[in-house]
Amino acid sequence: MKADFAIIGGTGVYDPGVLQDPVSHVIQTPYGDAHVTLGEYAGKKVAFMPRHGKGHAVPPHKVNYRANLHALKQIGVTQVLATAAVGSVKKEFRPGSLVLINDFIDMTKSRNAAFHEGENGVIHIDMTDPYCGRVRDCIQQVAKSEGIELIQGGTYVCTEGPRFETAAEIRMYAQWGGDVVGMTSVPEVVLAKEAEMCYATVAIVTNYCTGVSSTVLTHQEVVDEMKANIEKVRKLFFRVIQE
Ligand code: HPA
């Protein structure tokens, strides 16, 4: 069981897409089981992992991030391409936009965010470039050549969830320099870095955050907007894998 690339699907992304000969596997890790579908695309071995399980069974604060990332490392993955649904703090990042995330602010509270817990000494992971610059460059080039609009860079505020934010929280995140808000990028990006896998996220803006728009935010709106835009991200990712 081997793969070079992994695609992690966010809310509404439960289907391995154009993978050839997809086979589901359960991978045992020291942190519990992880579920992946392995297949091929353009001669490359690709693992697909729906972050929330099939049909969105696992809420963001209960995702077993360590098992997921450990499993990808175990099967040899070196590059992880992740999608994520996000709300937008800024009027100019409209619903339907794709954002290539390049930094984060961690507002999570109860998640295991490290593989090493001091058993082999203390390890501090560098966060100068949390989202891999090399894969980001590749994604940017593919977006340009395919004519896919992609906002180059955005700071992802990761909240604990599963509730949405208050308007006051969103005002604070905006002042801090946050661009988009989601519930899953941390600790996923941190664990990928610790495991020395190149990790990038293309976020899909599904809504304006609380208080940015005057309407009430629902999970259905997030799912619908993801569905409407996921094909663009799929195309981007599979072209990156093909490169
Ligand atoms: N807040 C947090 N997470 C989200 C949002 C939001 O507005 N939209 C999609 N995921």
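Residues are numbered from 1 along each chain as its sequence is written. Because the model is predicted, local features need pLDDT of at least 70 and side-chain atom pairs count only at pLDDT 80 or more, whereas totals for chains, interfaces and linings use all residues.

The ligand is surrounded by 14 residues, the closest being Ala 85, Gly 87, Val 181, Gly 182 and Val 222; a residue is near a molecule if its C-beta atom, placed from the backbone, lies within 6 Å of it. Two or more residues of this shell come from each of strand E5 (79–88), strand E10 (180–182) and strand E11 (198–208), with E5 giving the most, three residues. Helices (H or I, at least four residues) and strands (E, at least two) are DSSP runs, numbered from the N terminus. By class, the shell around the ligand has eight nonpolar, five polar and one charged residue. Ala, Val, Leu, Ile, Met, Phe, Trp, Tyr, Cys and Pro count as nonpolar, Asp, Glu, Lys and Arg as charged, and the others, Gly among them, as polar.

An unreviewed UniProt entry lists Thr 11, Arg 51, His 52 and Thr 184 under "binding site". These residues span 174 residues in sequence, yet no two of their C-alpha atoms are more than 10.0 Å apart, so they gather at one spot. UniProt positions are given in the numbering used here, and annotations may be inferred rather than shown by experiment.

Thr 184 is in the loop between E10 and H4 and counts as buried because it has 29 C-beta neighbours inside 10 Å. A residue is buried if 20 or more other C-beta atoms lie within 10 Å of its own, exposed if 12 or fewer, and partly exposed in between. Beyond four places in sequence, the contacts of Thr 184 are Gly 10, Arg 51, Pro 60, Val 63 and Ala 84, where contact requires C-beta atoms, placed from the backbone, within 7 Å. His 52, in the loop between strand E4 (44–50) and helix H1 (65–74), is partly exposed, with 19 C-beta neighbours inside 10 Å.

UniProt also lists Met 183 as "binding site" (unreviewed entry). Met 183 lies in the loop between E10 and helix H4 (185–194) and is buried, with 26 C-beta neighbours inside 10 Å. Residues touched by Met 183, leaving out those up to four places away in sequence, are Pro 60, Cys 158, Thr 159, Gly 161 and Pro 162.

Conventions: Contact = placed C-beta atoms within 7 Å.
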